[in-house]
Protein chains: 2
Amino acid sequence: MATTKGETTAQRAREAALHLFARHGYAAVSMREIAGEVGVGAGALYNHFATKQDLLNELMVGHMTDLLAAWEAEPASQEDAAPREALEAFVRFHIKFHRSKTDEVFISYMELRSLEPPNFHRIEKLRGMYEARLAEILDRGAAAGVFHAPEPRITAMALIGLLTGVTSWYRQGGRLSAAEIEELYVDMVARAVQPLPGAGG
Amino acid sequence: MATTKGETTAQRAREAALHLFARHGYAAVSMREIAGEVGVGAGALYNHFATKQDLLNELMVGHMTDLLAAWEAEPASQEDAAPREALEAFVRFHIKFHRSKTDEVFISYMELRSLEPPNFHRIEKLRGMYEARLAEILDRGAAAGVFHAPEPRITAMALIGLLTGVTSWYRQGGRLSAAEIEELYVDMVARAVQPLPGAGG
DNA sequence: GTCTATACCTTGATAGAC
DNA sequence: GTCTATCAAGGTATAGAC
């Protein structure tokens with residue numbers, strides 16, 4: 001099965017590239033290094049990816065597509081979910097997903113600048129769609145009076161930054177377990193958007 | 001004045017490198033490009049920086065040192081400042097400083113992986129010191145009962161991630177002014193660490 | 001301090017045998 | 001589909017004249 005063998009090499013190349021790009025950066029990694037990791041010659045990679053740029057783009061599109069699809073598959077992503085439950089579910093989903101895909105996450109926002117314009121714009125659009133999912137939840141919550149979020153879109157970007165940050169310092173085997181950290185974040189986000197009892201909003 | 005001329009070239013090289021590294025990444029920028037921006041030959045740069053790595057390291061150490069010194073110069077950084085005022089001051093300081101040094105900020109945490117081990121550890125130590133400043137404020141506030149921050153160090157890292165995120169999407173001339181965004185963040189941070197009336201902490 | 005010239009290496013990508 | 005060989009370009013860093 002020539003096709004199977006080919007897909008295997010392509011897949012292994014994607015995995016190797018993912019790891020190397022995350023560790024050293026796109027520009028600092030050569031096609032030879034990737035090929036070496038897979039165990040083939042450098043030229044062989046060009047049977048699967050037209051250029052190095054295409055390889056990077058494939059990784060990033062794949063990650064953002066997976067991210068969006070995974071959230072859509074969550075029950076709480078339905079438009080009729082209660083805002084507070086939806087927000088908590090989003091936080092837990094985001095942290096879990098990002099912790100399980102450290103390399104993909106790292107690349108997808110460190111290597112934005114390595115993308116050529118058309119690829120860059122595609123990724124930015126996908127990222128915007130993901131932010132919009134959270135903004136919608138905040139918007140519905142604010143309308144229902146259970147959230148304080150005067151600027152849902154800004155708040156969404158800020159919160160995603162907060163949540164994504166966890167991947168930059170979380171280390172397995174640290175003092176706190178993944179579950180404990182998740183609780184801290186759920187709590188922090190809930191507080192960040194809660195209406196104050198005495199205040200106007 | 002040979003010395004003066006030399007310092008000028010070194011300084012211009014630092015500025016050019018700062019901009020180019022931030023825009024394209026350390027690995028993607030060549031010494032030739034930097035020299036071209038300054039208007040000298042590539043070889044001339046080696047009179048001022050032993051290696052390209054040294055140039056990057058100088059930029060990052062300089063930025064982190066400036067950041068720490070600038071915070072120490074703020075009145076609210078004193079250990080006897082009231083926690084709530086200190087926290088608000090920290091948020092405003094951090095946002096202003098980071099917005100005024102977009103390139104430095106970008107590099108200082110995108111190019112950590114481009115640093116060789118000894119340089120890397122120096123920067124990590126400086127970063128840890130900055131985080132510790134915020135953690136102290138949270139700690140004092142928690143002790144005084146005005147903050148809910150069960151894990152001051154974790155909360156500090158999370159909040160810094162939240163605040164730093166603003167540089168990744170803030171664009172001058174956007175719908176919201178810099179001052180408006182600052183208020184949103186001050187408010188969000190205050191909420192994130194406030195004790196809940198009914199709850200235990 | 002800067003120049004030109006250059007040594008030496010690695011890069012992304014291609015060609016043609018197998 | 002992978003190999004080896006190869007190309008042209010560009011990388012960091014150095015040497016010696018001015």
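## Relation of the two chains

In this predicted model, chain B is superposed on chain A by a rotation of 180 degrees with 0.0 Å of shift along its axis, and the RMSD is 0.0 Å. The two copies are thus related as by a two-fold rotation axis. The same surface serves both copies, since 100% of the contact residues of chain B recur in chain A.

## A helix contact between the chains

Helix α7 of chain A, residues 152-164, meets helix α7 of chain B, also residues 152-164, with axes that come within 8 Å and cross at roughly 140 degrees.

## Helix contacts within chain A

Helix α3 (residues 52-72) and helix α6 (residues 117-143) of chain A pack with their axes 10 Å apart and at an angle of about 15 degrees. Because angles under 35 degrees count as roughly parallel, α3(A) and α6(A) are assigned to that class, and α3(A) passes α6(A) in a left-handed crossing. The contact draws on residues of α3(A) that include A:Q53, A:N57, A:M60, A:M64, A:L68 and A:W71, and on residues of α6(A) that include A:N119, A:R122, A:L126, A:Y130, A:R133 and A:I137. The residues of this contact divide into 11 nonpolar, 4 polar and 4 charged.

Another contact in chain A joins helix α4 (residues 83-100) to helix α9 (residues 178-192), whose axes come within 10 Å and cross at roughly 140 degrees. That makes α4(A) oblique to α9(A), and the crossing in which α4(A) passes α9(A) is right-handed. From α4(A) the contact takes A:L87, A:E88, A:V91, A:R92, A:I95, A:K96 and A:R99, while α9(A) contributes A:A178, A:E182, A:E183, A:Y185, A:V186 and A:V189. In this contact of α4(A) with α9(A) there are 7 nonpolar and 6 charged residues, but no polar ones.

In chain A, A:D103 lies in helix α5, which spans residues 102-110, and with a relative accessible area of 26% A:D103 is partly exposed. Apart from residues up to four places away in sequence, A:D103 touches A:L18, A:H19 and A:A22. The C-alpha atoms of A:D103 and A:A143 are 37 Å apart in space, although these residues are 40 residues apart in sequence.

In chain B, B:S108 belongs to helix α5, residues 102-110, and counts as buried at 3% relative accessibility. Residues up to four places away in sequence being set aside, B:S108 touches B:M60, B:H63 and B:R127. B:E111 is placed in the loop between α5 and α6 of chain B, where B:E111 is buried, with a relative accessible area of 3%. Beyond neighbours within four places in sequence, B:E111 is in contact with B:F21, B:G25, B:Y26, B:L56, B:M60 and B:F106 of chain B, and also with A:R113 of chain A.

Technical notes
Residues numbered from 1 in each chain as written. Chains lettered and ligands numbered in written order. Predicted model: local features only at pLDDT ≥ 70, side-chain atom pairs only at ≥ 80, totals over all residues. Heavy atoms only, no water. Axes fitted to C-alpha atoms, helices over the stretch in contact; angles between N-to-C directions. Helix = DSSP H or I, 4+ residues; strand = E, 2+ residues; numbered from the N terminus. Buried < 20%, exposed > 50% of the residue type's maximum accessible area, 1.4 Å probe, protein only. Contact = heavy atoms within 4.5 Å. Least-squares fit on C-alpha atoms with pLDDT ≥ 70 in both. Parallel < 35°, antiparallel > 145°, perpendicular 65-115°, else oblique. Left-handed = near helix turned anticlockwise from the far one by under 90°. Nonpolar A, V, L, I, M, F, W, Y, C, P; charged D, E, K, R; others polar.
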